[in-house]
Amino acid sequence: MRSVLIRSFGGPGVVELAEVMPVPQPGPGQVLVRVAAAGVNPADWRIRAGEVRRLGEPPLGLGLDVAGTIVAETAEGGRFRAGDRVFGVVVPPQGSFAEYVAVPETALALTPDCLEDAEAAALPVAGLTAWQALVGAARVLTGERVLVHAAAGGIGHLAVQIAKAHGAHVVGTAGAANQAFLRALGVDEAVDYRTPDVFARSERFDVALDPLSGANALRSLDLLRPGGRLVDVRGTGVDRTGLRERAEAGGVELTELYFRPDAADLGALADLAARGALRPHLGRVLPLERAAEALAEVERGHARGKVVLSVAAG
């Protein structure tokens, strides 16, 4: 089968589309998925660059998001059957940029009929991050004021929809070119992040979500009321000096979040999509052969929605 992998850490040039043998065999509690599409996340290029070493050393398969069809069930007779459409998370050294992957049932959910495979592949990592930030960590409530930074991005555009589905008043930041997109998502107020207005506001928020690895976390503390909640999506290379100390001094609850694969949370995202309250936006859909280009585009930032790879198994 074909699989996108790296044999050393580095730039786009280390990304390789290789013929890998054999097709992975599911272990206990795992199913074999024929991959239809795989979402591309900032974590993928950070793994390629060697910024995320906890997942192992090369050779490594790339890709975390997966959507496809089950072709082999668990030997124990689990939740899924052959032919089920599923979406979820794959963890290296295996990668989802491949024609087949073996995935634990606990990292998958059924794909709702309303979503195409490419849309489902855009949901797992970004959707889990947004859900676990707003619903799990921040416990967002009806009527609360929620600030979402980078609201047109992969995590942000899903966070806007999740917050609105929970009855929040949502202010989203994005560049000038994405203001209409934010309004179409349902934000109550779209703000151009290039202006200082969002950080000069007099009103205070109950919840702030920073998907930018801490870039706006420190400044957002001043926008939160005492007892407010700040969720900082953990990344690399950002100076967080004094973040927790300042949060405590201001009476703000700080969560530094890493997403976790969770079948129940994936199911909650599927339910929201089935109700018409959540729809991933596909910025670009590229073939597997262009994985290096897809990673480079996500690395540059400012993509609207998600970049997804289309995979045609042989």
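Is D65 buried or exposed? D65 is buried, at a relative accessible area of 0%. The legends below refer to a predicted model.

**View 1. Salt bridge between K306 and D65.** The side chains of K306 and D65 meet in a salt bridge, with an N to O distance of 3.0 Å. K306 belongs to strand β16 (residues 306-310) and D65 to strand β5 (residues 65-72), so this pair ties together parts that are 241 residues apart in sequence. K306 counts as buried, with a relative accessibility of 4%. D65, with a relative accessible area of 0%, is buried too.

**View 2. Salt bridge between D222 and R246.** The closest N and O atoms of D222 and R246 are 3.0 Å apart, and the two residues form a salt bridge. D222 sits in the loop between α6 (217-220) and β13 (224-233), while R246 is in helix α7 (residues 243-249), so the pair ties together parts that are 24 residues apart in sequence. D222 is partly exposed, at 48% relative accessible area. R246 is also partly exposed, at 39%.

**View 3. Salt bridge between R81 and E73.** In the salt bridge of R81 with E73, the closest N and O atoms are 4.0 Å apart. R81 has a relative accessible area of 39% and is partly exposed. E73 is partly exposed as well, with a value of 36%.

**View 4. Network of R284, R290, E293 and E297.** Salt bridges link these four residues, R284, R290, E293 and E297, in a network. The structure as a whole holds 21 salt bridges.

How values were computed
Residues numbered from 1 in each chain as written. Predicted model: local features only at pLDDT ≥ 70, side-chain atom pairs only at ≥ 80, totals over all residues. Heavy atoms only, no water. Helix = DSSP H or I, 4+ residues; strand = E, 2+ residues; numbered from the N terminus. Buried < 20%, exposed > 50% of the residue type's maximum accessible area, 1.4 Å probe, protein only.
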